[in-house]
Amino acid sequence: MLNRFRVSVIVLAAALTLSPLVFAQNARPQQSGAAKDQKATAAPAPLHDISGTWEPLGGPGDGIQALGVSAMPNDGKPEHQLPYTPYGLKTYESHKPLIGANEVLATSYNDPRDTCEPLGFPRADFYNLRETQIMQDRYKVAVLYEYGEAWRVIWTDGREVPKLVDGGVLVGKEVREPRFYGYSVGKWVDDTTLVVQTVGMMPEDKVWLDGTGRPISDQLRVEERFHRVNHDRMELTVTIDDPKMYTKPWLAMNKFAFRLKDPHFEVTEMYCSLSEMEKYNKLFGAPAGVGTDKPHVQ
């Protein structure tokens, strides 16, 4: 969560067992000459392949989305007002974010992210979406986010999307509990477009949709469309469908563009650290020590 602190930690080897022998990344190094690159025609996209390390086309800062989801920023403009249900509006008004149309003072916010709770999905798509690694084999696609070194698996083996039931999701004949990053199933709708459906996320007291306090619930369904335009460019479109919070589905990201990084690029660790936040607040973030018991750095 902290843009200013990237804390080194020991990552367990078991966290990801995606070996280079299993996952094929077809990314090739980009040309070094900028002028030559601009004139050259981009190579076509490989078939059924979105693997590689991807960065927002406008640079890492574009992935921060400080005012909320990129297609519908929470800036107070009428055209960006979401179609809340009465319960959704009540839930939104109970949230006290540090940014957005309803921002509060640093001593009053209640964002679960700022106690180092897992960011969760789909907020992982809407907050600090900087360098993102995607690896895949014939059965699944793994998305590795820079923030928190979190990952999620998208199954592409033909299985059905889990059904929402009371208390979680139904996978086959087994009821499984909600998860911070949900349960994702993907299908190639053409040679270069992977459509992903995700359900089974945590209830509204655990996660927010974005940093401006917009709500989501355990009834949420998220559709992502990963479209690889050519070898070096990909676009992500995300639709939110949560009948508990919103009266109709709405578009959160609309063809958000990424560029392919060199395959040797090493993604930096980025973690939520309570000790680092407390240190920053005492030194810079809280005048006269006010609120130093709460981490409130963006």
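The tour that follows runs through a predicted model, stop by stop.

**Stop 1: the disulfide**

Select Cys116 and Cys272. A disulfide joins them, with an S to S distance of 1.9 Å. Which hand does the bond have? The torsion about the S-S bond of Cys116 and Cys272 is about -85°, so the disulfide is left-handed.

Stay on Cys116. Phi of Cys116 is positive, about 65°, although the residue is not a glycine.

**Stop 2: along the loop between α2 and α3**

Step to Asp114. This residue lies in the loop between α2 (86–94) and α3 (123–126). Asp114 is buried, because its relative accessibility is 1%. Show side chains here. That of Asp114 makes a polar contact with the side chain of Arg113, at 2.7 Å.

Move on to Phe121 and Pro122. Pro122 belongs to the loop between α2 and α3. The peptide bond joining Phe121 and Pro122 is cis, with omega about 10°.

The charged end of Arg152 sits over the ring of Phe121, 3.9 Å from the ring centre. For another case, select Arg179 and Tyr183. Arg179 lies over the face of Tyr183, 3.7 Å from the ring centre.

**Stop 3: the aromatic rings**

Colour the aromatic side chains. How many aromatic pairs are there? The count comes to six. Each pair of rings is described by the distance of the centres and the angle of the planes.

Begin with Tyr84 and Tyr92. These rings are stacked, 5.2 Å centre to centre with 15° between the planes. Tyr84 counts as buried at 18% relative accessibility. Tyr92 is buried too, at 8%. Ring pairs link Tyr84, Tyr92, Tyr246 and Trp250 into a cluster.

Next, pick Tyr127 and Tyr147. This pair is edge-to-face: the centres are 5.5 Å apart, and the planes make an angle of 85°. Here, again, distant parts of the chain are linked. Tyr127 is in the loop between α3 and β2 (132–136), Tyr147 is in the loop between β3 and β4 (151–155), and they are 20 residues apart.

**Stop 4: around β3**

Go to Glu149, in the loop between β3 and β4. Glu149 has a positive phi of about 45° although it is not a glycine. Its relative accessible area is 29%, so Glu149 is partly exposed.

Step back to Leu144 in strand β3 (residues 140–144). Leu144 is buried, because its relative accessibility is 11%. Draw a distance to Glu131. The two C-alpha atoms are separated by 9.0 Å, and the residues are 13 apart along the chain.

**Stop 5**

Show the cartoon and select β9 (residues 193–199) and β10 (residues 221–230). They pair in the antiparallel sense over six bridges. Val195 has Arg225 in β10 as its bridge partner.

Glu224 has Val238 in β11 as its bridge partner. What do β10 and β11 form? They form a hairpin, with two residues between them.

**Stop 5: Lys261**

Finish at Lys261, in the loop between β12 (250–260) and α4 (274–285). Lys261 is buried, because its relative accessible area is 18%. Its side chain makes a polar contact with the side chain of Glu55, at 3.3 Å. The C-alpha atoms of Lys261 and Gln133 are separated by 9.6 Å, with the residues 128 apart along the chain.

Technical notes:
Residues numbered from 1 in each chain as written. Predicted model: local features only at pLDDT ≥ 70, side-chain atom pairs only at ≥ 80, totals over all residues. Heavy atoms only, no water. Helix = DSSP H or I, 4+ residues; strand = E, 2+ residues; numbered from the N terminus. Buried < 20%, exposed > 50% of the residue type's maximum accessible area, 1.4 Å probe, protein only. Polar contact = N/O pair within 3.5 Å; in protein donor to acceptor, adjacent residues only side chain to side chain. Disulfide = S-S within 2.5 Å. Pairing = 2+ DSSP bridges. Phe/Tyr/Trp six-rings, centres within 6.5 Å; stacked < 30°, edge-to-face > 60°. Lys NZ or Arg CZ within 6 Å of the ring centre and 35° of its normal.
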